[in-house]
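Please keep the sequence and the structure in view while reading.

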Amino acid sequence: MNPFSYARPSSVEEAIGQFRPDSRYIAGGTNLLDLMKENVTRPSQLIDITQLPLADIEETPEGGLRIGALVSNADLAWHPLVEARYPLLSQAILAGASPQLRNMATTGGNLLQRTRCYYFYDATTPCNKREPGTGCSARDGLNRIHAILGHSDACIAVHPSDMCVAMAALEAVVHVQGQRGERRIPMADFHRLPGHAPEQDNTLVDGELITAVELPPQDFSAHSCYLKLRDRASYAFALVSVAAALEMDGDSIRSARIAMGGVAHKPWRKKEAEAALIGKTADEAAFSAAADILLEGASGFEHNAFKIELGHRAIVRALTDAAKGAAQ
């Protein structure tokens, strides 16, 4: 771990003013410190934001929720309004990590998790994400956990967050503030596919600080399911996960949301798959057709091609459970 300086601002404006290109904001540190220990990230300055007033959950005038960036994953998952109105989000968070990590990890930090790849975390191997232009060791290496959708020649890593998959399905909006002012970023636009610049995980610019995440008012509380398939039930990243939410009118689907994790560089969602469900009877045939659309263009590598069939079955199962109101 390289030497670094440490700052502890007392306001958002002060934190942004102290940022320089090789700085990093730190809150729970559950991902950043691992990256520093492995010499993957070598900041010259850490800016501790834990004293900033960003730890509240508030109702919005429209009936949604505004979640401060410093709300812990544990507090978010167990918050009465989240459990009542957005159980999909609560399910997803509780499927991730361990209780100890959820107590430390923050909402903003969860959004900023770096993509998961053995080679990215091994500083002795070539990795375009860590050192652009050096190559992707995973393409011809051990790639069982890697992407089947949205990958490029430069990178096949996957986004690791469970929370973000649910937030993608719920169409959350990320509030950020930087030297150029404030802006709102829809979850669909927050994370990037790798393309030719896999070192860029998201669309933030240097110095921008996540201040909150807003959940719009919705009517999916009675029919949602977060399904996570992994190698072990405790503290493992998803091989495939599905966040499914339905608004039902009897047996007919009025509206639908589906997002996948463990399959791409960002939470994977296609509105065409959701549109195909509207007006259909909630049955296996409709769910299978939606899965075909969502997985269109999927391609695997030597060790992960099984994820395509696994993903299809997971989508059908998650939608089936959501329609029944049988959350995982």
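Which residues line the second largest cavity? They are Arg85, Tyr86, Pro87, Leu88, Leu170, Gln218, Phe220, Ser221 and Ser224.

The model is predicted, so local features need pLDDT of at least 70 and side-chain atom pairs count only at pLDDT 80 or more, while totals for chains, interfaces and linings use all residues. Residues are numbered from 1 along each chain as its sequence is written, and side-chain values use heavy atoms, with hydrogens and water left out.

**Cavities**

A cavity is a set of points, on a 1 Å grid over the protein atoms alone, where a 1.4 Å probe fits but cannot get out; its lining residues have an atom within 4 Å of a point. Grid points are joined across faces, edges and corners, and the volume is the space filled by probe spheres set on the points. By this rule there are 2 cavities of 30 Å³ or more. The largest has 15 lining residues, and those closest to its centre are Cys117, Cys127, Asn128, Cys136 and Cys155.

The table gives volumes and lining classes, where Ala, Val, Leu, Ile, Met, Phe, Trp, Tyr, Cys and Pro count as nonpolar, Asp, Glu, Lys and Arg as charged, and the others, Gly among them, as polar.

| Cavity | Volume | Lining residues by class |
|---|---|---|
| Largest cavity | about 80 Å³ | 11 nonpolar, 3 polar, 1 charged |
| Second largest cavity | about 40 Å³ | 5 nonpolar, 3 polar, 1 charged |

**Helix α5**

Helices (H or I, at least four residues) and strands (E, at least two) are DSSP runs, numbered from the N terminus. Buried means under 20% relative accessible area with a 1.4 Å probe, protein chains only. In helix α5 (residues 87-94), 7 of the 8 residues are buried, so the helix is largely enclosed by the rest of the structure. These are Pro87, Leu88, Leu89, Ser90, Gln91, Ala92 and Ile93. Pro87 and Leu88 also belong to the lining of the second largest cavity.

Two strands pair if DSSP finds at least two bridges between them. β6 pairs antiparallel with strand β7 (residues 181-186) over 6 bridges, and the two form a hairpin with 2 residues between them. Within this pairing, Gly178 has Gly181 as its bridge partner. β6 also runs antiparallel to strand β8 (residues 209-215), joined by 5 bridges; there Gln177 stands opposite Leu209.

How values were computed
On a 1 Å grid over the protein atoms alone, a cavity is a set of points where a 1.4 Å probe fits but cannot get out, and a pocket is an open set with protein on both sides within 12 Å along at least five of seven lines; lining residues have an atom within 4 Å of a point. Buried means under 20% relative accessible area, exposed over 50%, partly exposed in between (1.4 Å probe, protein chains only).
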